[in-house]
Amino acid sequence: MAQTVGRNIAAPLLFLNLLMYAIALGFACWCTNRFINGQTSHPSFGGNGATGFFLTFAILACVVGIVSKFAGGTHIRVWRSDSLAAAGSTSLVAWAITALASGFACKEINVGGYRGWRLRMVEAFIIILTFTQLLYVLLLHAGMFSSKYGPGYRDTDYGVGAGIGEPVHKGGAVPVAGTRV
């Protein structure tokens, strides 16, 4: 029961992040379509000089974030240290790109001007996702500190069989003289 403490906390956060990334991706794609068509005077869009950069990195962050949730879902399902590498690395990359998009969101807010409600919603979602994705990355790596929070990097109890001692060949531990190895 103690092995599932990290899993019980990380699973709902993974689902929440997946939903938020999907919603932000939909609205960011809508805003990018309006931006490419030159319809920045649309009542629910607006924008300023930082909008193009922000939308580009927001779409990139959302796509990488959604893909990282697939690896995270596999890790939460099996909850072993060999699946931790894929889930941890992809979630860390997704967090880094989301943090970059969050910086552009803050710059867009700082520049000012009229921004429609859809664009403001994408900004808010990206800023919130920066913190929830960081919390998710920390929960995935909590096994480094204690094994009761999840699989760590030094867990080698899988693939050994019964887990008693080192595996040996069936022929015995003593090599036969005169044979080539």
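What percentage of the 181 residues in the protein chain do buried residues make up? I looked this up and noted 38%, where buried means under 20% relative accessible area with a 1.4 Å probe, counting protein chains only.

**Entry 1: what I am looking at.** I note that this is a predicted model, in which local features need pLDDT of at least 70 and side-chain atom pairs count only at pLDDT 80 or more, while totals for chains, interfaces and linings use all residues. Residues are numbered from 1 along each chain as its sequence is written, and side-chain values use heavy atoms, with hydrogens and water left out.

**Entry 2: the chain as a whole.** I find 4 helices and 0 strands in the protein chain, taking helices as DSSP runs (H or I) of at least four residues and strands as runs (E) of at least two, numbered from the N terminus. Along the sequence I read the pattern α-α-α-α. For contacts, meaning heavy atoms within 4.5 Å, I looked at those between residues at least 6 apart in sequence, and 79% of these join residues at least 24 apart.

**Entry 3: helix 1 with helix 2.** I remind myself that two packed helices are described by the angle between their axes and the distance between the axes. Helix 1 (residues 5-36) packs against helix 2 (residues 51-78) at about 150°, with the axes 8 Å apart; axes are lines fitted to C-alpha atoms, for helices over the stretch in contact, and angles run from 0 to 180 degrees between N-to-C directions. That makes helix 1 roughly antiparallel to helix 2, a term for angles over 145 degrees. By class, their contact has 21 nonpolar, 7 polar and 3 charged residues, where Ala, Val, Leu, Ile, Met, Phe, Trp, Tyr, Cys and Pro count as nonpolar, Asp, Glu, Lys and Arg as charged, and the others, Gly among them, as polar.

**Entry 4: helix 1 with helix 4.** I see the axes of helix 1 and helix 4 (residues 117-140) come within 9 Å and cross at roughly 155°, which means that helix 1 is roughly antiparallel to helix 4 as well. The residues of this contact divide into 22 nonpolar, 3 polar and 1 charged.

Entry 5: Leaving out residues up to four places away in sequence, Ala10 touches Ile76, Tyr136 and Leu139. I also noted that Ala10 and Val137 are 127 residues apart in sequence, yet 9.1 Å apart in space, C-alpha to C-alpha.

How values were computed
Buried means under 20% relative accessible area, exposed over 50%, partly exposed in between (1.4 Å probe, protein chains only). Angles under 35 degrees count as roughly parallel, over 145 as roughly antiparallel, 65 to 115 as roughly perpendicular and the rest as oblique.
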